Amino acid sequence: QAEAVNEAAILRATMTDSGTFTRQVWNGREWKTETLYEGLACALSRQPQAAAPRTRGQWEDMGECEARLALFLPAGTVLRAGDRAEIRRAGQVLRGICGPCMPYLSHCFTTMLVQEVEAA
């Protein structure tokens, strides 16, 4: 247990990105967007098999891609497959779709299919 607490503190220090996570919810009449987390500390990381996001043109500040990236989140975070994410990091905003969270004692892990990259 103490090892997990120490590991959680170390991982938390690497979570320098910030994420807003939303879910589409049916209220009986229409679909509504529900904010799950706003400004949540996280760490977006490239997986070895992931392609880097690419811009559409040399002079554009908006890009489109289909990169699957690893997303590390604080312990206790709950996401479902299909939840949307907007991650802010180092002058970029990355938007995409998340998979379900895999919980660990020290953190949670999911993948994110990045669909859009924009300069912040």
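A salt bridge here is a side-chain nitrogen of Lys or Arg within 4 Å of a carboxyl oxygen of Asp or Glu. The views below come from a predicted model, in which local features need pLDDT of at least 70, side-chain atom pairs count only at pLDDT 80 or more, and totals for chains, interfaces and linings use all residues. Residues are numbered from 1 along each chain as its sequence is written, and side-chain values use heavy atoms, with hydrogens and water left out.

**View 1. Salt bridges link Glu86, Arg88, Arg95, Glu116 and Glu118 in a network.** The structure holds seven salt bridges, and this close-up visits a few of them. Start at Glu86, whose side chain meets that of Arg88 at 3.6 Å, N to O. Glu86 also forms a salt bridge with Arg95, where the closest N and O atoms are 3.0 Å apart. From Arg95, follow the next salt bridge to Glu118, at 2.8 Å from N to O. Arg95 belongs to strand β5 and Glu118 to strand β7, so this pair ties together parts that are 23 residues apart in sequence. Strands (E, at least two residues) and helices (H or I, at least four) are DSSP runs, numbered from the N terminus. How buried or exposed are the partners? Relative accessible area, computed with a 1.4 Å probe on protein chains only, sets the classes: buried is under 20%, exposed is over 50%, and partly exposed is in between. Glu86 is partly exposed at 24%, and so is Arg88 at 44%. Arg95, at 24%, is partly exposed, and Glu118 is partly exposed at 23%.

**View 2. Leu71 sits among its contacts in the largest nonpolar core.** A nonpolar core is a set of buried Ala, Val, Leu, Ile, Met, Phe, Trp, Tyr and Cys residues joined through side-chain atoms within 4.5 Å. The largest one has 18 residues, of which Phe21, Leu44, Leu71, Leu73, Ile87, Leu94 and Met112 touch the most other members. Strands β2 (31-46), β3 (62-74), β4 (84-89), β5 (92-98) and β7 (107-119) each supply at least two residues of this core. Contact means heavy atoms within 4.5 Å. Setting aside residues up to four places away in sequence, Leu71 touches Phe21, Cys42, Ala43, Leu44, Ile87, Cys98, Cys108, Phe109, Thr110 and Met112. In soluble globular proteins, nonpolar side chains tend to be buried together.

**View 3. Phe21 and Tyr37 form an aromatic pair.** Rings of Phe, Tyr and Trp (its six-membered ring) pair if their centres lie within 6.5 Å; planes under 30 degrees apart count as stacked, over 60 as edge-to-face and the rest as tilted. By this rule the count is three aromatic pairs. The ring centres of Phe21 and Tyr37 are 6.3 Å apart and their planes stand at 85°, so this pair is edge-to-face. It joins distant parts of the chain, with Phe21 in strand β1 and Tyr37 in strand β2, 16 residues apart. Phe21 is buried at 0% relative accessibility, whereas Tyr37 is partly exposed at 23%.

**View 4. Arg23 meets Asp83 in a polar contact.** A polar contact is a pair of N or O atoms within 3.5 Å; within protein, one must be able to donate a hydrogen and the other to accept it, and residues adjacent in sequence count only if both atoms are side-chain atoms. The side chains of Arg23 and Asp83 make such a contact at 2.8 Å. Arg23 lies in strand β1 (residues 17-26) and is buried, with a relative accessible area of 12%. Leaving out residues up to four places away in sequence, Arg23 touches Lys32, Thr33, Glu34, Leu36, Val78, Leu79, Arg80 and Asp83.

**View 5. His107 is buried in strand β7.** Its relative accessibility is 10%. A polar contact of 2.9 Å joins the side chains of His107 and Ser106. Beyond four places in sequence, the residues in contact with His107 include Glu7, Leu11, Met15, Phe72 and Met102. His107 and Cys42 are 65 residues apart in sequence and 9.9 Å apart in space, C-alpha to C-alpha.

**View 6. Ala90 shows a positive phi in a loop.** This alanine, in the loop between β4 and β5, has a phi of about 35°. Most residues other than glycine have a negative phi. Ala90 is exposed, with a relative accessible area of 81%.
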